[in-house]
Amino acid sequence: MELTTLLQQLINGLSIGSVYAIFALGYTLIFSILGIINFAHGAVFTLGAYFTYALTGARFGFNGIFAEAQLPFGLPFLLALFVGAGLAGLVGVLVERALFRPLRARGADPLLTLVSSLGIAVALVNTIQYFVGAEVYSFPSSVLQGLPPSVNFGTPEAPLVVRTVQLVIGVISLVILVVLTWFINRTKTGRALRAVAEDSTTSSLLGINTDRLILLTFFISGFVGGIAGTLVGLSVTITGPYFGIAFGLKGLAVIVLGGLGNIPGAVLGGIVIGIAENLLPSSAVAYKDAIAFAILFVVLLIRPQGLLGRTQVQKV
Amino acid sequence: MSAGTPLLELKHLTVHYGAIQALKDIHLVVYPGEVVTLIGANGAGKSTTLRAISRIIAAKAGEILFEGQSLLAERPDRVVRMGIAHVPEGRRVLARMTVEDNLLLGAYIRGDSAGIADDLEQQFERFPRLRERREQLAGTLSGGEQQMLAIARALMSRPRLLLLDEPSLGLAPIVVREIFATLRQLNSAGVTVLLVEQNATLALQMAARGYVLEAGSIKFSDTADKLMIDERVKQAYLG
């Protein structure tokens, strides 16, 4: 591979890897607090993409209840992205209130909660299909209005061309990563979140309202999931109601690779998988989705706790 | 001592763990400024009493009053806001967080950053070893240091009532003496203490009054001086 091509693919890998990272953080935050993988996360990712799509004022397709419907207004893309993510966050909150909290209050087995979250995922996917059909949606090219389709970081003789979309999604995800890391490590609420993740009973003895923080965690998780959904939808297309399910599996690979419940691990796992996928020779691109799991398999053979995971994963 | 209105009052308190009755018809009173101790064998229900007051386990029947207000409808975090801090059994410091983070979490219910900074300084003065280990993860501290951290963390909420669960457990005698000296200072500074201890001698030396708990019920209570020479207490708990 030529150097410029290599650099190009590294940038692309870093960009999509950051999206994987923020998506995986949504899983990891909930896992670190409840010890449960929330399978509804992939569906929330899909919803985020559809919310943003609708908010930009774009028209839906021929199928579903909302056939050919469109909002009477269209928000600028960046605003639609955040409002859409906020709505996805509210769906996350709804999932916690309707499903996780009642099960927790009954002291349900974590396996039951996990299966129920799969059930919610299926229900959400079908709801999406019911309303907007199963078509592929692309964000109108006008969302990146005024920006050139690609940027050349090299010289005219040795071009290093990166699609603007890749840069946009990379920059947005990196900003989200930085803000989230700052929030968790440097704010009072973030400190309380870490405390609840470590020991929720002790946290409540310190005056922390643990249920409220769990609710906040679901909001943040849904929010970053929604951002990731929109960004992937922008980068490729929204491939239909099942959009987030395959992506969700990759997100699982990312968090297991990084170490379950480990925040820096989720970021590292996302970036490793993003870059590895993009370094594939073009003849092997068809196997792109298998790459994540191949890496996962090899890493787990050597480090069963994941790249940055603690040896002891069991919650006491 | 028993003048005025009680700070804490338990009436007919009954707690079940599943089908098992853990506490039966407990009556207990703590007046402002007192140190009251709850002594008894392992499994008698001492920790359960404290956990019921903090509302991390539910009461089956009876009443818990703090300054005359019922705690039974409150969540655990509300109990802390009302002025009760609980130093749990086994210290329960947040091992993966720094000493400073643990202390700041103790002040979670407060919004006065200047006051919090003052109190942080005060804890470091009270326990100089915590200052040295400020940036260290709490899990790397020794048992004695963790106990100091757990107490200091509880004080960061500026409680009016401190619930202490087995502060001497598993610690070397010299560390225990240091911790109890600090507790005495705290009490003279106005903090009311409800102390649960297996080490009855130690507890009765510090407390004004004591309750003896046996199999989930209060067997008898008296002033600490009288309990110290009571034959039943001597035989069962003082060895």
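This is a predicted model: local features need pLDDT of at least 70, side-chain atom pairs count only at pLDDT 80 or more; totals for chains, interfaces and linings use all residues.
Is A:Asp211 buried, partly exposed or exposed? With a relative accessible area of 30%, A:Asp211 is partly exposed. Good morning, and thank you for coming.

Let us remain with A:Asp211. This residue forms a salt bridge with A:Arg104, and the closest N and O atoms are 3.2 Å apart. A:Asp211 belongs to helix H8 of chain A, residues 210-235, whereas A:Arg104 belongs to helix H3 of chain A, residues 77-105, so the pair ties together parts that are 107 residues apart in sequence. A:Arg104 is also partly exposed, with a relative accessible area of 30%. Over all chains, the structure holds 23 salt bridges.

I turn now to chain B. Here B:Glu34 forms a salt bridge with B:Arg209, with 2.6 Å between the closest N and O atoms. B:Glu34 lies in the loop between strands E2 (20-30) and E3 (35-40) of chain B, and B:Arg209 lies in strand E9 (residues 209-214) of chain B, so this pair ties together parts that are 175 residues apart in sequence. Are these two residues buried or exposed? B:Glu34 is buried, its relative accessible area being 0%. B:Arg209 has 16% relative accessibility and counts as buried, because buried means under 20% relative accessible area. A further salt bridge joins the side chains of B:Arg110 and B:Asp119, at 2.7 Å from N to O. Both B:Arg110 and B:Asp119 are buried.

Next, how do the two chains meet? In chain A, 17 residues are in contact with 24 residues of chain B. The area buried between chain A and chain B is about 2,000 Å², and carbon and sulfur atoms give 59% of that area. On the chain A side, A:Glu198, A:Leu205 and A:Leu206 lose the most area to chain B, together 34% of what that side buries. How many salt bridges are there between chain A and chain B? The count is three. One salt bridge brings together the side chains of B:Asp101 and A:Arg194, at 3.3 Å from N to O.

Let us consider helix packing. Two packed helices are described by the angle between their axes and by the distance between those axes. In chain A, helix H1 (residues 3-34) and helix H10 (residues 263-278) pack at an angle of about 145°, with their axes 6 Å apart. The crossing of H1(A) and H10(A) is right-handed. By class, their contact has 14 nonpolar, nine polar and one charged residues.

Chain B has its own helix H1, residues 46-53. Why may this helix be called largely enclosed by the rest of the structure? Seven of its eight residues are buried, so the helix is largely enclosed. Among the buried residues are B:Lys46, B:Leu50 and B:Ile53. Just after H1(B), B:Arg55 takes a positive phi of about 70°.

Finally, two further backbone angles. B:Asp25 is not a glycine, yet has a positive phi of about 50°. B:Asp25 is placed in strand E2 of chain B and, at 41% relative accessibility, counts as partly exposed. B:Glu166, likewise not a glycine, has a positive phi of about 50°. B:Glu166 lies in the loop between strand E7 (161-165) and helix H7 (173-188) of chain B, and is buried, with a relative accessible area of 4%. Thank you for your attention.

Definitions and conventions: Residues are numbered from 1 along each chain as its sequence is written. Chains are lettered from A and ligands numbered from 1 in the order in which they are written. Side-chain values use heavy atoms; hydrogens and water are left out. Buried means under 20% relative accessible area, exposed over 50%, partly exposed in between (1.4 Å probe, protein chains only). Helices (H or I, at least four residues) and strands (E, at least two) are DSSP runs, numbered from the N terminus. Axes are lines fitted to C-alpha atoms, for helices over the stretch in contact, and angles run from 0 to 180 degrees between N-to-C directions. A crossing is left-handed if the near helix is turned anticlockwise from the far one by less than a right angle, and right-handed if clockwise. Ala, Val, Leu, Ile, Met, Phe, Trp, Tyr, Cys and Pro count as nonpolar, Asp, Glu, Lys and Arg as charged, and the others, Gly among them, as polar. Contact means heavy atoms within 4.5 Å. Buried area is the accessible area (1.4 Å probe) that two parts lose on being put together, summed over both. A salt bridge is a side-chain nitrogen of Lys or Arg within 4 Å of a carboxyl oxygen of Asp or Glu.
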